[in-house]
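Please keep the sequence and the 3D view open while reading.

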Amino acid sequence: MWKTAQGSKPFITLLGDPKAMPILAFGGTAHQYGTLYSATIAVESEYFMAVNIIFKNTAPGPITKNPGAQAVALRVSGDKAAFYNCKMLGFQDTLCDDNGRHFFKNCYIEGTVDFIFGKGRSLYLELQINVIDNKGVTFITAHSKEKKSDVVGYSFVQCKITGSASGAYLGRAWRAMPEVVFSYTEMGRVVNPLGWSNNNKPERERTVFFAEYKNSGPGSNSKRRVKFDKQLTDKEAKNFLTLGYIQGSKWLLPPPI
């Protein structure tokens, strides 16, 4: 695993060739190192940027009888990080969007269970999210907001959800108060008609913020959504659609030419 020095080396940039994207790979698992430290790349400093990079965890897909098979390709724990035209490849726990404000644009993320998880506050713009069939239940997000005062959440805008799985949930209530919003997103048949999971904890239905706004595709039909799904009004959605969600105008830098 490679990681940036915590707090001491800001403004690190990894720049790859879009026609021959470098692959950063490692095969660590939660069983070997713990989930957080299984990451191929761990970002702990501020103002990190990656452009045209593939982050991959090469560990095989998790097997039900093999506990600890979670394997992180990328962990982002530093504030003010940006990723442009990158790929995050793995199975369970592919992207640990851990802490801080982050921006992802034109990226590709694939996995099986909880493959976008953590307590970050992130804006995902124009992504392809690909759900791999693992012959079991699949979840795209597992956001871990626990307190009302936490200013955290995931907002997905103009994304596309594809995959070979079936019945994939947009998110599950891993913690008590997750905030996840999908807007203007094309949802394939891979998405479960119910949309969201209470994680077998009905009491969390009162505290989650699982929301959608003007999505499209066969997986976006709201008629069979769970009762705690929220379909946003124009006014309610406004906060989730711009860089203001991550205060991006104060820190976000464009990718190098």
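The sections below go through the sheet, the nonpolar cores, the aromatic rings and the salt bridges of this predicted model.

## The parallel sheet

In a sheet, strands pair through backbone hydrogen bonds, and the pairing is either parallel or antiparallel.

## The nonpolar cores

The largest nonpolar core has 43 residues. Which of its members touch the most other members? They are Phe55, Phe83, Tyr124 and Ile161. Several strands each supply at least two residues of this core: β4 (41-43), β7 (74-76), β8, β13 (113-118), β15 (128-131), β17 (153-157) and β20. Apart from this core lies another, of 18 residues, which include Met49, Phe103, Leu123 and Phe240.

Tyrosine 124 shows what such a residue has around it. Leaving aside neighbours within four places in sequence, tyrosine 124 is in contact with Leu95, Asp97, Phe104, Ile109, Ile116, Tyr154, Ser155, Phe156, Val157 and Cys159. Tyr124 also belongs to a cluster linked by ring pairs.

## Aromatic pairs

A pair of aromatic rings is described by the distance of the centres and the angle of the planes. The structure holds 19 aromatic pairs. One of them joins tyrosine 84 and phenylalanine 103, with 5.9 Å from centre to centre and 70° between the planes, an edge-to-face pair. This pair links distant parts of the chain, as tyrosine 84 is in strand β8 (residues 81-84) and phenylalanine 103 is in strand β11 (residues 101-105), 19 residues apart. Are these two residues buried or exposed? Tyrosine 84 is buried, at 9% relative accessible area, and phenylalanine 103 is buried too, at 5%.

Tyrosine 184 and tyrosine 213 form another edge-to-face pair, 5.4 Å centre to centre with 85° between the planes. It also links distant parts of the chain, 29 residues apart. Tyrosine 184 is in the loop between β20 (179-183) and β21 (186-187), while tyrosine 213 is in strand β23 (residues 209-213). Tyrosine 184 is partly exposed, with a relative accessibility of 36%, whereas tyrosine 213 is buried at 6%.

## Charges over rings

Two arginines sit over ring faces. Arginine 172 lies over the face of phenylalanine 139, 5.7 Å from the ring centre. Arginine 175 lies over the face of tryptophan 174, 4.2 Å from the ring centre.

## Salt bridges

How many salt bridges does a search of the whole structure find? It finds 13. One of these pairs arginine 75 with glutamate 44, whose closest N and O atoms are 3.2 Å apart. Arginine 75 is in strand β7 and glutamate 44 is in the loop between β4 and β5 (49-51), so the bridge links parts of the chain that are 31 residues apart. Arginine 75 has a relative accessible area of 3% and glutamate 44 one of 15%; both count as buried because the limit is 20%.

Aspartate 150 and lysine 119 meet in a salt bridge of 3.3 Å, N to O. This pair joins two loops, with aspartate 150 between β16 (139-143) and β17 and lysine 119 between β13 and β14 (121-125). Aspartate 150 is buried at 15% relative accessible area, but lysine 119 is partly exposed at 23%. Arginine 121 and glutamate 179 form a further salt bridge, at 3.8 Å, N to O. Arginine 121 is in strand β14 and glutamate 179 in strand β20, 58 residues apart, and both residues are buried. Elsewhere, a network of salt bridges links Glu46, Asp79, Lys80 and Arg101.

Definitions and conventions: Residues are numbered from 1 along each chain as its sequence is written. This is a predicted model: local features need pLDDT of at least 70, side-chain atom pairs count only at pLDDT 80 or more; totals for chains, interfaces and linings use all residues. Side-chain values use heavy atoms; hydrogens and water are left out. Rings of Phe, Tyr and Trp (its six-membered ring) pair if their centres lie within 6.5 Å; planes under 30 degrees apart count as stacked, over 60 as edge-to-face and the rest as tilted. Helices (H or I, at least four residues) and strands (E, at least two) are DSSP runs, numbered from the N terminus. Buried means under 20% relative accessible area, exposed over 50%, partly exposed in between (1.4 Å probe, protein chains only). A charge sits over a ring if NZ of Lys or CZ of Arg is within 6 Å of the ring centre and within 35 degrees of the ring normal. A nonpolar core is a set of buried Ala, Val, Leu, Ile, Met, Phe, Trp, Tyr and Cys residues joined through side-chain atoms within 4.5 Å. Contact means heavy atoms within 4.5 Å. A salt bridge is a side-chain nitrogen of Lys or Arg within 4 Å of a carboxyl oxygen of Asp or Glu.
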